[in-house]
Amino acid sequence: MTNIHAIRSKRVVTPQGVRPAAVCLRGGVIEAITAYDAVPSGEGVYDAGDSVVMPGLVDTHVHIDEPGRTAWEGFHTATRAAAAGGVTTLIDMPLNSIPATTTVAALEAKRAAAQKKCWVDVGFWGGVVPGNSGELRALHRAGVLGFKCFLVPSGVPDFQNVGETDLRAALPELAELGAPLLVHSELPGPLQTASKKAAKSNPARHRTWLLSRPAAAETKAIAMMIRLAREFTARIHIVHVSSKLSVPLIRRAKSEGLRITAETCPHYLFFTSSSIPDRRTEFKCAPPIRDQEDCRSLWKALAADVLDQIVSDHAPSPPALKCRRSGDFLKAWGGISSLQLGLPIVWTKIHAQDDALNGLARWMCAGPARLAGLDGRKGALAAGYDADIVVWNSEKRFTVRPKLLQHRHKLTPYAGQSLLGAVEATFLRGEMIYDRGRFIGKPRGALLRRGEH
């Protein structure tokens, strides 16, 4: 269907709640939300019936890897996966590409590589690494939406981790700019001690990997970032929170009024460490998947708004780097491939809860859009917002078959899982880009710059 001027459903997720409604479109934006019956079915009206109509997901934690490591993932394949999963905006992380996005020249190289390949809108984070504090203001002017750093080695030599001295050079600049700093929050000291002990254990067991990345590394790092946020009045965002011990630290920081936000990821909410078989290195990520108590605590933190969002941390690699033959968790690349599956993963876990649809939109649409400075434009169905919309069947169950995934590589820990919630159609600025397994037209995603509308 082309030239759509309205999308209607018995279940439209708006900031005011879920209700029968029609979303009226004009010029790529939402003109109005009207009563369901105010727009009769007919030509130019997409009638979703009982399927859910909600804002396109915003995923602010995606590793696309192009240019330089396009064999891992690329703009074309990543954004197709996003469209098929109802994600209409994603923000690319500054590392794993070559060059890393730590200078304006590197940002422009990445934008050049993305031209005419993106099925959804794509924005970019800049990187904070040792010695580049003088580049941050120029990167901000060039349009990055914020910055990312690692407190421990990232796994790639071209994106070095920072220490407190480096942060003290960068944070005054970022605070003045009002730009968020996204932080991989683990400290090296606890990891070094734990790794020596784990080296004596069987590397083919996930428990060995878990022992090598203790929760203390995460909590001590978060405590340091809270202290620096207080000192510099900086915006700090904690990525991929994995531990129950981190939750009270973040809760207290927020109650103090510090500019702290935090996220978790589907794999920490869906899997538990006790269920991961030996040698299944597709489950390896950093921080690691922890136990059932941690999982429950993260869900409670989301419900209490201690954690603000759920994003994928889609971090694929060629399957050979996963060391599947040896099953060695200590040597395998750490990263989980899941960009296409976030919506059904989360819905499978929360579908029976009261207010589940509003929670889904808060954690996977509005929260990430706010972090990236795209609120008012992305992340909600409201007048004046981009007409980025996903239509999905909340009752349809399916089994994850790798051949159906659009990621460049199909290895994922979700293979064979039964998930609830199937994306039927995805619209980008009012244009249908995905329809029940088919991609419509050509890639038309925009490359977003901070401040542009």
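## Notebook: loops, salt bridges and helix packing

I began with Asp355, which counts as partly exposed because its relative accessibility is 48%. The model I am reading is a predicted one, and I keep that in mind for every entry below. Asp355 sits in the loop between H11 and H12, and I noted that its phi is positive, near 65°, although the residue is not a glycine.

**Entry on salt bridges.** I searched the whole structure for salt bridges and the search returned 27. I looked up Glu164 with Arg168, whose side chains meet in a salt bridge at 3.2 Å, N to O. Both residues belong to helix H4, residues 164-177, where they are four residues apart, about one turn of the helix. Glu164 is partly exposed at 26% relative accessibility, and Arg168 is likewise partly exposed, with a relative accessible area of 32%.

I went on to Lys378, which forms a salt bridge with Asp388, with the closest N and O atoms 2.7 Å apart. Both Lys378 and Asp388 lie in the loop between helix H12 (356-371) and strand E15 (389-399), so the pair ties together parts that are ten residues apart in sequence. I checked accessibility for this pair and found both Lys378 and Asp388 buried. Lys378 also meets the side chain of Asp386 in a salt bridge of 2.9 Å, N to O, and Asp386 is buried, as is Lys378.

Which residues are linked with Lys378 in a network of salt bridges? I listed Asp121, Arg377, Asp386, Asp388 and Arg429 alongside Lys378 as the members of that network.

**Entry on helix H2.** In helix H2, residues 104-114, I found Ala106, Leu107, Lys110, Arg111, Ala113 and Ala114 buried. Seen down the axis of H2, these buried residues fall within an arc of 160°, so they line one face of the helix. Ala105 and Ala112, on the other side of H2, are exposed. What do the buried residues of H2 pack against? I recorded helix H1 (75-84), strand E7 (87-92), strand E8 (121-124) and helix H3 (136-141) as their partners. Lys116 follows H2 and has a positive phi, near 65°.

**Entry on the packing of H7 and H8.** I compared helix H7 (residues 215-232) with helix H8 (residues 246-255) and noted that they pack at an angle of about 10°, with their axes 9 Å apart. The two helices, H7 and H8, are therefore roughly parallel to each other. On the H7 side the contact is made by Glu218, Thr219, Ile222, Ala223 and Ile226, and on the H8 side by Ser246, Leu249, Ile250 and Ala253. Sorting the residues of this contact by type, I get six nonpolar, two polar and one charged.

Glu231 is also in H7, and at 44% relative accessibility it counts as partly exposed. I looked up its separation from Lys331, 100 residues away along the chain, and the C-alpha atoms are 38 Å apart.

**Entry on cis peptide bonds.** I noted a cis peptide bond from Ile98 to Pro99, with omega near 5°, and placed Pro99 in the loop between E7 and H2. Another cis bond joins Ala286 and Pro287, with omega about -5°, and Pro287 lies in the loop between helix H9 (266-270) and helix H10 (292-303).

**Entry on Gly441.** I ended with Gly441, which lies in the segment after strand E18 (438-439) and counts as exposed at 54% relative accessibility. Although Gly441 and Trp119 are 322 residues apart along the chain, their C-alpha atoms are separated by 9.6 Å.

How values were computed
Residues are numbered from 1 along each chain as its sequence is written. This is a predicted model: local features need pLDDT of at least 70, side-chain atom pairs count only at pLDDT 80 or more; totals for chains, interfaces and linings use all residues. Side-chain values use heavy atoms; hydrogens and water are left out. A salt bridge is a side-chain nitrogen of Lys or Arg within 4 Å of a carboxyl oxygen of Asp or Glu. Buried means under 20% relative accessible area, exposed over 50%, partly exposed in between (1.4 Å probe, protein chains only). Axes are lines fitted to C-alpha atoms, for helices over the stretch in contact, and angles run from 0 to 180 degrees between N-to-C directions. Angles under 35 degrees count as roughly parallel, over 145 as roughly antiparallel, 65 to 115 as roughly perpendicular and the rest as oblique. Contact means heavy atoms within 4.5 Å. Ala, Val, Leu, Ile, Met, Phe, Trp, Tyr, Cys and Pro count as nonpolar, Asp, Glu, Lys and Arg as charged, and the others, Gly among them, as polar. The arc is that of the directions from the helix axis to the C-beta atoms.
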